[in-house]
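Please read it alongside the sequence and the coordinates shown below.

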Amino acid sequence: MAIRVVRTVSALRRAVSRWRAAGERIALVPTMGALHTGHLSLVRAAQRRARRVIVSIFVNPAQFAPHEDFASYPRSLGADLSALAVAVMYPPGFATRIVAEGPATAGLEDKFRPHFFSGVATVVAKLLIQCTPDFAMFGEKDYQQLKMVTRLPKDLDLPVKIVGVATVRERDGLALSSRNSYLSPSERAAAPTLYRVLKDCAGKIARGELPARVLDEGSAAIERAGFALDYLEARHAETLKPIESVKDGPIRLLVAARIGKTRLIDNVAV
């Protein structure tokens, strides 16, 4: 099937209207470009559910703090198209933001990036309204984001199902991310430590070891590998509330750490 590129909301809505009139199901895959195998796994998951798939490419300035890497974030389209996208999504006079709560205020990413989820919630809501998809696909790598986005259409009465798609990894376990391109060779060699530690901790907790002790050991292992650790947490897999034992419900382990200039995140189920 031919790929069609649209650059305006009006053109998008005309296309969606035609598909709706034909009774076709629609899925949305929101991205910030620099597409890799992980993004393509979302597209394949979307194709299994819908006849039409919309892939948005937009490096969203609203989710970057002034000190973060908006200017250097990997882009595969020209700067002129990026500028056009910003004008379409945030035209002059734009003055509305969505304040996400619930999973977005769990004390994980929001603790270190307090601006982030408002920016994500606003742009995702705009995309869902613009595309009116039946499904929207989001990767599990950004797990707190997935939980927040899953809540968003329910709270705003948007008729779309959010579908989480399993994280795609390199052979050594490193979760695919556009930011992996920032890693030096030595940092890239150390990066899979995050996933190895997560898997080790998950196994120990599943076997009945005390989560607090296991996570202390895991944190030390991550720091020995050269990371500056932001968090390594055991949380309820749905609410993201802190847990103390396996009796507290399904558990998700989440980690965020910096190596060199690169910040990596990952998570696994227990």
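This is a predicted model: local features need pLDDT of at least 70, side-chain atom pairs count only at pLDDT 80 or more; totals for chains, interfaces and linings use all residues.

Against which elements do the buried residues of α8 pack? They pack against α7 (185-190), α9, β5, β6 and β7.

**Helix α8**

- Helix α8 covers residues 193-206, 14 residues in all. From its first C-alpha to its last it reaches 20 Å, close to the 20 Å expected at 1.5 Å a residue.
- The buried residues of α8 are Thr193, Leu194, Val197, Leu198, Cys201, Ala202, Gly203, Lys204 and Ile205.
- Gly208 follows α8 and has a positive phi, near 105°.

- An open sheet is formed by three strands in the order β5-β6-β7, with antiparallel pairing. The edge positions belong to β5 and β7 (262-269); each has a single partner strand, so one side of each is left without a neighbour in the sheet.
- On average, neighbouring strands of this sheet are turned by 10° against each other, direction ignored.
- Strands of a sheet pair through backbone hydrogen bonds, either parallel or antiparallel. Here, eight bridges join β5 to strand β6 (residues 251-259) in the antiparallel sense. His236 has Ile251 in β6 as its bridge partner.
- Helix α9 (residues 211-224) packs on the sheet, where it touches β5 and β6. The direction of α9 makes about 150° with that of β5.

**Aromatic rings**

- A pair of aromatic rings is described by the distance of the centres and the angle of the planes. The structure holds four aromatic pairs.
- One of these is the edge-to-face pair of Tyr90 and Phe94, at 5.0 Å centre to centre and with 70° between the planes. Tyr90 counts as buried, at 13% relative accessibility, whereas Phe94 is partly exposed, with a relative accessible area of 25%.
- Phe112 and Tyr231 form a tilted pair, because their planes lie at 35°; the ring centres are 6.0 Å apart. This pair links distant parts of the chain, since Phe112 belongs to helix α4 (residues 109-112) and Tyr231 to strand β5 (residues 228-236), 119 residues apart.
- Of these two residues, Phe112 counts as partly exposed at 29% relative accessibility, and Tyr231 counts as buried at 7%.
- Phe58, Tyr90 and Phe94 are linked by ring pairs into a cluster.
- A charge also meets a ring in this model: the charged end of Arg49 sits over the ring of Phe135, 5.3 Å from its centre.

**Positive phi in loops**

- Asp157 is a residue other than glycine with a positive phi, near 55°. It is found in the loop between α6 (143-155) and β4 (161-165). Asp157 is exposed, with a relative accessible area of 68%.
- Leu240, likewise a residue other than glycine, has a positive phi near 65°. The loop between β5 and β6 contains Leu240. With a relative accessible area of 1%, Leu240 is buried.

How values were computed:
Residues are numbered from 1 along each chain as its sequence is written. Side-chain values use heavy atoms; hydrogens and water are left out. Rings of Phe, Tyr and Trp (its six-membered ring) pair if their centres lie within 6.5 Å; planes under 30 degrees apart count as stacked, over 60 as edge-to-face and the rest as tilted. Buried means under 20% relative accessible area, exposed over 50%, partly exposed in between (1.4 Å probe, protein chains only). Helices (H or I, at least four residues) and strands (E, at least two) are DSSP runs, numbered from the N terminus. A charge sits over a ring if NZ of Lys or CZ of Arg is within 6 Å of the ring centre and within 35 degrees of the ring normal. Two strands pair if DSSP finds at least two bridges between them. Axes are lines fitted to C-alpha atoms, for helices over the stretch in contact, and angles run from 0 to 180 degrees between N-to-C directions. Contact means heavy atoms within 4.5 Å. The expected span of a helix is 1.5 Å times one less than its number of residues.
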